[in-house]
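Please read the points below with the sequence and the model side by side. They go through a few parts of the chain in turn.

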Amino acid sequence: MLLDFLEEAQLDRVGCFKFSPVEGAVATEIADQVPEDVKEDRFHRFMQVQQRISAARLQQKVGKTLAVIVDEIDEEGIIGRSMADAPEIDGVVYVDNISNQDVKVGQIISVTITNADEYDLWGTC
């Protein structure tokens, strides 16, 4: 039922976690806990569905130009995020600076998206 909801909703970003006991939590006291192998199976099925949805949604951004805030610059290029991406949580945008712009951390640049996977985008400025 949850996987059906994911398919129908087509959400951009969804995460899940496996329950683990927490002191004081009512759920910790439930007698018949879900076995670890069942938790693991459910987690992987959930993540596979969401990864497929995320990959398809990010693929729709290929060819578009996005505003990207620059978080880091290294020898391989620029690493940033779109306004829809939370730092250290969501995917990133890897940018090749083919125009040799003078780019600084914190700057917002226009990036044409050239590729995507389940979580991240690649582009050029």
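1. Start with Phe5, which sits in helix 1 (residues 2–9); helices (H or I, at least four residues) and strands (E, at least two) are DSSP runs, numbered from the N terminus. This is a predicted model, in which local features need pLDDT of at least 70 and side-chain atom pairs count only at pLDDT 80 or more, while totals for chains, interfaces and linings use all residues. Residues are numbered from 1 along each chain as its sequence is written, and side-chain values use heavy atoms, with hydrogens and water left out.

2. Phe5 counts as partly exposed because its relative accessibility is 46%; buried means under 20% relative accessible area, exposed over 50%, and partly exposed in between (1.4 Å probe, protein chains only). Together with Leu2 and Leu11, Phe5 forms a nonpolar surface patch of about 280 Å² of accessible area. Patches are made of residues with over 30% relative accessible area and no salt bridge, with like charges joined within 9 Å and nonpolar side chains (Val, Leu, Ile, Met, Phe, Trp, Tyr) within 5 Å. The areas come from the Shrake-Rupley method with a 1.4 Å probe, and for residues only the protein chains shown count as cover.

3. How far apart are the end C-alpha atoms of helix 2? They are 34 Å apart, which agrees with the 34 Å that the 24 residues of helix 2 (residues 36–59) should span at 1.5 Å a residue. The expected span is 1.5 Å times one less than the number of residues.

4. The buried residues of helix 2 include Phe46, Val49, Ile53 and Leu58, and also Lys39 and Gln50. Their cover includes helix 1, strand 4 (108–116) and strand 5 (121–124). Lys39 counts as buried because its relative accessibility is 11%. Leaving aside neighbours within four places in sequence, Lys39 is in contact (heavy atoms within 4.5 Å) with Lys18, Phe19 and Val34.

5. Side chains of opposite charge can pair when their charged atoms come close. A salt bridge here is a side-chain nitrogen of Lys or Arg within 4 Å of a carboxyl oxygen of Asp or Glu, and the count comes to nine salt bridges. In one of them the side chains of Asp12 and Arg57 meet at 2.3 Å, N to O. Asp12 lies in the loop between helix 1 and helix 2 and Arg57 in helix 2, so this pair ties together parts that are 45 residues apart in sequence.

6. Lys18 and Glu40 also meet in a salt bridge (2.6 Å, N to O). Lys18 is in the loop between helix 1 and helix 2 and Glu40 is in helix 2, so the parts tied together are 22 residues apart in sequence. Arg13, Asp85 and Asp90 are linked in a network of salt bridges.

7. Gln10, in the loop between helix 1 and helix 2, has a positive phi of about 50 degrees although it is not a glycine. Glu88 is in the loop between strand 2 (77–82) and strand 3 (93–96), and its phi is also positive, near 65 degrees, in a residue other than glycine. Glu88 is exposed, with a relative accessible area of 86%.

8. Which residues does UniProt give for the feature "domain: TRAM"? The unreviewed entry places it at residues 59–125; UniProt positions are given in the numbering used here, feature names are shortened, and annotations may be inferred rather than shown by experiment. Over residues 59–125 the chain is 1% helix and 49% strand, with end C-alpha atoms 18 Å apart.
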